[in-house]
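Me: Please take a close look at a single part of the structure shown here. I would like to understand where it sits and how it relates to the rest of the chain.

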Amino acid sequence: MNNLNDCFRASDTPVCLSDAVDLFSSRLTCNQRIERISIKNTTNRVLAENLFAQHNIPPQDNSAVDGYAVYFDDLNTDCETCLPIVDRVAAGHPIKRQIERGSAVQIFTGAPLPKNRNLMGPDTIFMKEDVQTENNNVILPAGAIKYANRRKLGEDVKSGDLVLRKGHKLRPQDVSMVASLGYDQVPVYQRLKVAVFSTGDEIQDVGENLRLGSIYDANRYFLLSMLEKMDCEVDDFGIFPDIEEQISKGILNASKEHDILLTTGGVSKGEEDHVKSIIDNLGALNFWNFAIKPGRPIALGYVKNGDFQVPFIGLPGNPVAVMITFLRIARPIVLTLSGCKDLDIQFFPVISDFSCNKKVGRREWLRVNLTKDIDGNIVAKKFHSDGSGIISSMVESSGLIELSEECGGVEVGDIINYLPFNEVI
């Protein structure tokens, strides 16, 4: 159960984006159960416990190259050194014999360095292409560095190290680390269950013949796609008509089996915009009016279902506004409920290739593509249309420029904050 109490009920006064999202998110907790699943299925899952190294990586000193292992102290400093080759060691096939001073051993990449009783042994490795062999001897050039081409025991991870933290979303490189530590079962949070629906008599589902005055429901499919990409368990409740009783019943029904509810449209002040008042009746509306462009009408609240408070996010109706507000508002909330702690996103400073005015006190996003000027500097070129219904502006752009509430405009040559789509999608 999340503590989304009424101490910050919505008002008609526009609120600052970061303040509202931070306050709303601070009252959310991950209530997902922990399950242990096969490492094969862990990509994009959220780690539910800290993961510690069960052994050293690598587990012993080994060779980084194919070549010859010798004692550094046997090498001449000012001329070549000739040493007899007394054995060979391959990866997965350590040798037990003692390798004495004054000799060399042929060694292959990944093979463990042989050790004597006192745990000493050859410590320096020459690459195969840097030496010559003759009559079972190896001729080594001068100038070697001690410990060259040796991978040291535990140089990557030491036994007992904290390797991955609870709340981390597992990427392919993380799965590789988990495997190297020998974990076949991994503790993760169960997937967040999300209910998605749309409202509006003008909205039609794909596959239907489009009626006069209607549009296809692009927003719902964006939400379904994004949430599935975020590895949520998503249920599609379709489209609710602009009938208050049906919307209310549908929302209440969806709240019974889901961890969060998402919709688009119906959260403005219009006579047919019922969602805002319905949420207020079924639970509470905490925020709905944000000082942002695009996407001012957004509903953040909860639906009360018995002892549970199910968070609700109502996004705007225009497609571009839906996409941008999901990325910057809904996405961190969904991640928080999923148990994920990786909420920070990376903005990159780029040079503006355009000028525009902006209202102070409001956060705004512009769609841009990156290019290079004649000096090789990376610059942002604004898409030619700012309309919040222009889906092609999102398709043909590489990311967003985010302008803070304090900003009053942009001039050519200004340094501005760029958020690439691949940072959040």
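Reply: Let us begin with Leu227, which touches Val194, Val196, Cys232, Val234, Leu262, Phe326 and Val334 when residues up to four places away in sequence are not counted; contact here means heavy atoms within 4.5 Å. The model is a predicted one, in which local features need pLDDT of at least 70 and side-chain atom pairs count only at pLDDT 80 or more, whereas totals for chains, interfaces and linings use all residues. Residues are numbered from 1 along each chain as its sequence is written, and side-chain values use heavy atoms, with hydrogens and water left out.

Leu227 lies in helix H3, which covers residues 218–229. Helices (H or I, at least four residues) and strands (E, at least two) are DSSP runs numbered from the N terminus. With a relative accessible area of 0%, Leu227 is buried; buried means under 20% relative accessible area, exposed means over 50%, and partly exposed lies in between, using a 1.4 Å probe and protein chains only.

Leu227 is among the residues with the most contacts inside the largest nonpolar core, which has 48 residues; the others named with it are Ile260, Leu262, Leu300, Phe326 and Ile333. A nonpolar core is a set of buried Ala, Val, Leu, Ile, Met, Phe, Trp, Tyr and Cys residues joined through side-chain atoms within 4.5 Å. At least two residues of this core come from each of helix H1 (17–26), strand S13 (193–199), H3, strand S17 (260–264), strand S20 (297–305), strand S21 (308–315) and helix H6 (319–337). H6 supplies the largest share, 12 residues. Apart from this core there is another, of 17 residues, which includes Ala254, Leu285, Ala299 and Phe312. In soluble globular proteins, nonpolar side chains tend to be buried together.

Leaving out residues up to four places away in sequence, Tyr221 touches Asp205 and Val206. Together with Val206, Leu210 and Tyr216, Tyr221 makes a nonpolar surface patch of about 350 Å². Patches are made of residues with over 30% relative accessible area and no salt bridge, like charges being joined within 9 Å and nonpolar side chains (Val, Leu, Ile, Met, Phe, Trp, Tyr) within 5 Å.

Arg45 and Asp231 meet in a salt bridge (3.6 Å, N to O), the term denoting a side-chain nitrogen of Lys or Arg within 4 Å of a carboxyl oxygen of Asp or Glu. This pair links distant parts of the chain, 186 residues apart: Asp231 lies in the loop between H3 and strand S16 (233–240), and Arg45 in the loop between S1 and S2. Both Arg45 and Asp231 are buried. They also take part in a network of salt bridges with Glu35 and Arg191. The structure holds 18 salt bridges. Another of them joins Arg36 and Glu49 at 3.0 Å, N to O; Arg36 is in strand S1 (residues 34–38), and Glu49 is in the loop between S1 and strand S2 (51–52).

Finally, the chain as a whole. Its secondary structure comes to 7 helices and 28 strands. The radius of gyration is 30 Å, well over the 22 Å given by the globule rule for 425 residues, so the chain is more spread out than a compact globule; the radius is taken over C-alpha atoms, and the rule is 2.2 Å times the number of residues to the power 0.38. The C-alpha trace spans about 95 × 55 × 45 Å along its principal axes. Buried residues make up 48% of the 425 residues. Of the contacts with a separation of 6 or more, 70% are between residues 24 or more positions apart.

Technical notes:
Accessible areas come from the Shrake-Rupley method with a 1.4 Å probe; for residues, only the protein chains shown count as cover.
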